Every structure is written in structure tokens, then in C-alpha cells.
Amino acid sequence: MTTTQQATDRMLFVNLPVADPAATRAFWSELGFTINEAFSDANATSVQLNPLTAVMFLETGYFHSFHGTTPPAGGTGALYCLSANSADDVRALVERAFALGATPASDPQEQGPMFGWSFRDLDGTIWEVMWMDPAALG
């Protein structure tokens, strides 16, 4: 990487602890996401969101071995949001997540040009799926 690299060229790897990487693999694969086998094994499932963004779901002990971290005492440490192509796409993805074992984190929410709905994945992580009307963006 050079100092002239544009911020839009940077890749993002989100690392999250999970109890069961195999169950996580099945969940996200069934939602239609691609598993990057080059970065997946018994301790890790790499879910490719797009060419520049991946979520690394790491077995909890393995996750904490990287920097000697420990699990948080409780509460929500972060919320993650995925974009969708339409309000119907939001509904379809969240309903599919529920069918695969996710639980509701919120009711569907319509706020002007935005529509979103959230679920808790198999490990309780909150994922919002959101669509914004492109006509309202400019």
C-alpha cells in the first residue's frame, strides 16, 4: 500500500466472535452470501459482502487469541447494517434470516425514504438490513 492509496480503495475486514463457525457458515450461505474458502477453516468463516468487504466470523477462543482480548461484560458493542436493493429485498432477507434461526431485533421501520428491519444472528449480533430510495438521495 502506498501513501497515495485512495480511501475508496481500502478493503474492510470485520472480525466477530461466534460460538459455532460451521453453523455461521450455513446461516450466511443460506442467506445467499459467498463464503471465501481461502480464509475459512474450522475456526473461521469468511463471508464476502462485496469485493472490498468481508466479515470474518471467528470461533470465540480463536477470536480472542489475536490480541489477548476477553469477551465484553455484556450489552451491545456494535450494530452492523447491510444495504438492500429495495424494501422488498429487506423483507426477503430478514424473513429468510428468521427462517434460519435468527430472532427479531426490531420491528420493520419506515423513516421517510428509508426502510429497515433488524435481526439477531445465531450469536446474538444485531444486523440491520436497510434500503434508501435512490430518488431521495439527490
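H64 sits in helix α2 of this predicted model, where helices (H or I, at least four residues) and strands (E, at least two) are DSSP runs numbered from the N terminus. With a relative accessible area of 12%, H64 is buried; the term covers anything under 20%, while exposed means over 50% and partly exposed lies in between (1.4 Å probe, protein chains only). Leaving aside residues up to four places away in sequence, H64 touches T69, T70 and P71, a contact being heavy atoms within 4.5 Å.

In total the lining holds 19 residues, and P17, P72, G75, G77 and T125 lie nearest the pocket centre. The space inside is about 480 Å³, a volume being that filled by probe spheres set on grid points joined across faces, edges and corners. A pocket here is an open set of points on a 1 Å grid over the protein atoms alone, where a 1.4 Å probe fits, with protein on both sides within 12 Å along at least five of seven lines; lining residues have an atom within 4 Å of a point.

Turning to the sheet, four strands are arranged in the order β1-β4-β3-β2, open and with mixed pairing; strands pair if DSSP finds at least two bridges between them. Because β1 and β2 (34–35) each have a single partner strand, they stand at the edges and one side of each is left without a neighbour in the sheet. The strands β1 and β4 run parallel and are joined by seven bridges, and F13 has A54 in β4 as its bridge partner. Helix α1 lies across β1, β2, β3 (44–50) and β4, at about 20° to β3; such angles run from 0 to 180 degrees between N-to-C directions, with axes fitted to C-alpha atoms, for helices over the stretch in contact.

Beyond four places in sequence, W28 touches F33, V47, F57, L82, F119, D121 and W127.

Residues are numbered from 1 along each chain as its sequence is written, and side-chain values use heavy atoms, with hydrogens and water left out. Local features need pLDDT of at least 70 and side-chain atom pairs count only at pLDDT 80 or more, whereas totals for chains, interfaces and linings use all residues.
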